[in-house]
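Q: Could you take a close look with me at one part of this model, the aromatic rings and what surrounds them? I would enjoy a connected walk through it.

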Amino acid sequence: MHLRKVIAAVLIPFAAAVLVGLVVLWPGGAPAHERTGVGFDRQTQDATVTKVVEVSCKEAGASGVPPTGDTSTAEGSSAVQQENGTCKRATIRVDSGDDKGRTFTEIVQPDQSRQLHEGQKVVVAYEPSAPKDLQYSVTDVNRRLPMALLAGIFAVAVVVVGRLRGVMALISLAISFMVLNFFILPAILQGSNPLVVAVVGASAIMLIALYLCHGLSARTSVAVLGTLISLLLIGILGSVFIDWAALTGNTDDNTGLIHGLYPTIDMSGLLLAGIIIGSLGVLDDVTVTQTSAVWELHEANPSMGWRGLYRAGIRIGRDHIASVVNTLVLAYAGAALPLLLLFSIAQSSVGTVANSELVAEEIVRTLVGSIGLVASVPVTTALAALVVSADRPGTEPTLEASAVPARGGRGRRRKR
């Protein structure tokens, strides 16, 4: 009971501080701005490809032959191939917005990665300032149906295998997305400190997800404490090394657009916020698993002291560390695979690649998150071993305890 009171004395003020932070920083929606028409900052509508016919690229005016006639470059060679190739003229019907039912045509060249076909659902961009026949253009494929179907399969699999825990996990996932979309992102756009917003938002997600999925118990509270300590370590290390390595967080077109639209946003703080939020999901897995492992070891051998529990739990944790760190590194490498291919094509040295800001960001992100994950194992295991080993029955045996020899015997062993 004493340890439970200590845990409550730490977590209750922490939860209250998170609630106050949510109220104080609540943005009330993202600030409005004039659309630039660049990247994602465009007006889009749903549309359908109604007709596709083959035409000569030369007749369609889409050959793009270089004026100099130089075919030694990749661009010139491609242009010459298009000159004699066959293009497609697609007729697209707008299905939403004020211009619903309006049609326009678009030429698809033979070397384009995205080829259109009749009946295909697409997304079109709208630029009101352009000439009328050029206001609409195909910008992407409409993927809502396959994405929705995949999400449905995922939800069914989680519920079938996880049952009630699976349902709670899906509810906590929905709440996490709500915190992200209605608090974290708008608050950053409103000009609040990205690091403070990320800490408050990630803490709220952690408390809701862990207690909703695993119940209000000492076991869950230990996992929350282990996650909180690890997040603090990640925040400190991330802040130090982002500043030391002079990482700006403004490394691609998307971050450049954000900085252009909202120049007051601290981009390096946004990078640190991303590291904290990205590490939270894996941290939850590690801390909950380690806590559960220690609790199950205690159930299997109630006479084991906290040192024995810690040693047994840390052996399990070492296997967990090896798999999780490898998973994290491969996940980041997979996401950055096109970039790594570009460096490989350029035959750049490892030092040159690692020193570039694009790759350095991923290295710092991966290593800081991995250090937090590694630290979470001994911290959470030690906390769990201390709490569960101190969880002893009362000194006076009850009638129920004396009627069940196994529990009575277990209590006497604990007393010694």
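How many aromatic pairs does a search of the whole structure find?

A: Happy to look with you. This is a predicted model, so to speak of local features a pLDDT of at least 70 is needed, side-chain atom pairs count only at pLDDT 80 or more, and totals for chains, interfaces and linings use all residues. Residues are numbered from 1 along each chain as its sequence is written, and side-chain values use heavy atoms, with hydrogens and water left out.

The search of the whole structure finds 4 aromatic pairs. Rings of Phe, Tyr and Trp (its six-membered ring) pair if their centres lie within 6.5 Å; planes under 30 degrees apart count as stacked, over 60 as edge-to-face and the rest as tilted. One of the pairs joins W26 and F183, which are stacked at 5.8 Å centre to centre with 20° between the planes. W26 sits in the loop between α1 (2-25) and β1 (43-56) and F183 in helix α4 (residues 144-189), so this pair ties together parts that are 157 residues apart in sequence. Helices (H or I, at least four residues) and strands (E, at least two) are DSSP runs, numbered from the N terminus.

W26 counts as partly exposed because its relative accessibility is 48%, while F183, at 1%, counts as buried. Here buried means under 20% relative accessible area, exposed over 50%, and partly exposed in between (1.4 Å probe, protein chains only).

F104 and Y136 also form a stacked pair, with 5.8 Å centre to centre and 20° between the planes. This pair links distant parts of the chain, with F104 in strand β3 (residues 103-108) and Y136 in strand β5 (residues 136-141), 32 residues apart. Both F104 and Y136 are buried, and together with Y126 they form one aromatic cluster.

V159, L164, V167, I171, I208 and L212 make a nonpolar surface patch of about 430 Å². Patches are made of residues with over 30% relative accessible area and no salt bridge: like charges are joined within 9 Å, nonpolar side chains (Val, Leu, Ile, Met, Phe, Trp, Tyr) within 5 Å. Accessible areas come from the Shrake-Rupley method with a 1.4 Å probe; for residues, only the protein chains shown count as cover. Both α4 and α5 (194-214) supply at least two residues of the patch, and α4 gives the largest share, 4 residues. L212 belongs to helix α5 and, at 30% relative accessibility, counts as partly exposed.

D284, in helix α8 (residues 267-300), is buried yet has no salt bridge, and the nearest side chain of opposite charge, R165, is 13 Å away. A salt bridge is a side-chain nitrogen of Lys or Arg within 4 Å of a carboxyl oxygen of Asp or Glu; Lys and Arg count as positive and Asp and Glu as negative, while His and the chain ends are not counted. Not counting residues up to four places away in sequence, D284 touches M206, L210 and T227, where contact means heavy atoms within 4.5 Å.
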